[in-house]
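These are my notebook entries on one protein model. I set down each term with its cut-offs and then what I looked up.

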Amino acid sequence: MAAFRSATWLAFLLPVSLLGGALIGQYGFGLYPCEMCMWQRWPHLVAIILAFAALLFRTTRWAMPLVVAAALAILVSGLIGGFHAGVEYDWWEGLTSCATNMPAGGDMLDSIMNAPLVRCDVAPWSLFGISLAGFNFLFSVGGAILIAILLAKSRRSAVSG
């Protein structure tokens, strides 16, 4: 049961941390997201909701499928991040080239003219040569694999015990 509990908490805390880090980068450090960055956020949001539901219903038969679905959502975000990182590293062509983030309110024309232009093929920040999309790939895919391992361990212990 400890493995299942760990998988559930990981399925909740990993996307909370990654999405929270993205929002801190955006609003705290001015790292505006491109369109593909935004695509990576949606599966994390879905994973948070699913894992939170699994925490609420942890003693029901719905808990395991909810954690599995959360892990799949985390994996999807990681795979999108891997694709995005490949675009940033010029390994392949991206689907979009840029996006803007218009501030709410005020004059529409001024908002459009002053909105930052964010390119999907340029990494706004990197550490050790790894972009934010690359880190999302590493953490999300690694986390999804770890959740799957913990769920398999939980299943084996439930069957044998």
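Entry 1: a helix and its length. I take the expected span of a helix as 1.5 Å times one less than its number of residues. Helices (H or I, at least four residues) and strands (E, at least two) are DSSP runs, numbered from the N terminus. I applied this to H2, whose 22 residues should span 32 Å at 1.5 Å a residue. The C-alpha atoms at the ends of H2 are 33 Å apart, which agrees.

Entry 2: the basis of the model. I note that the model is predicted, that local features need pLDDT of at least 70 and side-chain atom pairs pLDDT 80 or more, and that totals for chains, interfaces and linings use all residues. Residues are numbered from 1 along each chain as its sequence is written, and side-chain values use heavy atoms, with hydrogens and water left out.

Entry 3: the whole protein. I found 5 helices and 4 strands. From the N terminus, their order is α-α-α-β-α-β-β-β-α. I call a residue buried under 20% relative accessible area, exposed over 50% and partly exposed in between (1.4 Å probe, protein chains only). Of the 161 residues in the protein, 37% are buried. A contact means heavy atoms within 4.5 Å. Among contacts with a separation of 6 or more, 72% join residues 24 or more positions apart.

Entry 4: His-44. Is His-44 buried or exposed? I found that His-44, at 3% relative accessibility, counts as buried. His-44 lies in helix H2, where the buried residues also include Met-36, Ala-47 and Leu-55. Leaving aside neighbours within four places in sequence, His-44 is in contact with Pro-15, Leu-18, Leu-19, Ser-77, Asn-136 and Ser-140. I also looked for a polar contact, a pair of N or O atoms within 3.5 Å; within protein, one must be able to donate a hydrogen and the other to accept it, and residues adjacent in sequence count only if both atoms are side-chain atoms. The side chains of His-44 and Asn-136 make such a contact at 2.9 Å.

Entry 5: aromatic pairs. Rings of Phe, Tyr and Trp (its six-membered ring) pair if their centres lie within 6.5 Å; planes under 30 degrees apart count as stacked, over 60 as edge-to-face and the rest as tilted. My search of the whole structure gave 6 aromatic pairs. Trp-9 and Phe-12 form an edge-to-face pair, because their ring centres are 6.2 Å apart and their planes stand at 80 degrees. These two residues are 3 apart in helix H1 (residues 2-29), so about one helical turn separates them. Trp-9 is partly exposed at 41%, whereas Phe-12 is buried at 16%. Phe-12 also pairs with Phe-52: the centres are 6.1 Å apart and the planes at 40 degrees, so this pair is tilted. The pair links distant parts of the chain, as Phe-12 is in helix H1 and Phe-52 in helix H2 (residues 35-56), 40 residues apart. Phe-52 is partly exposed at 42%. Elsewhere I noted that ring pairs link Phe-83, Tyr-89, Trp-91 and Trp-92 into a cluster.
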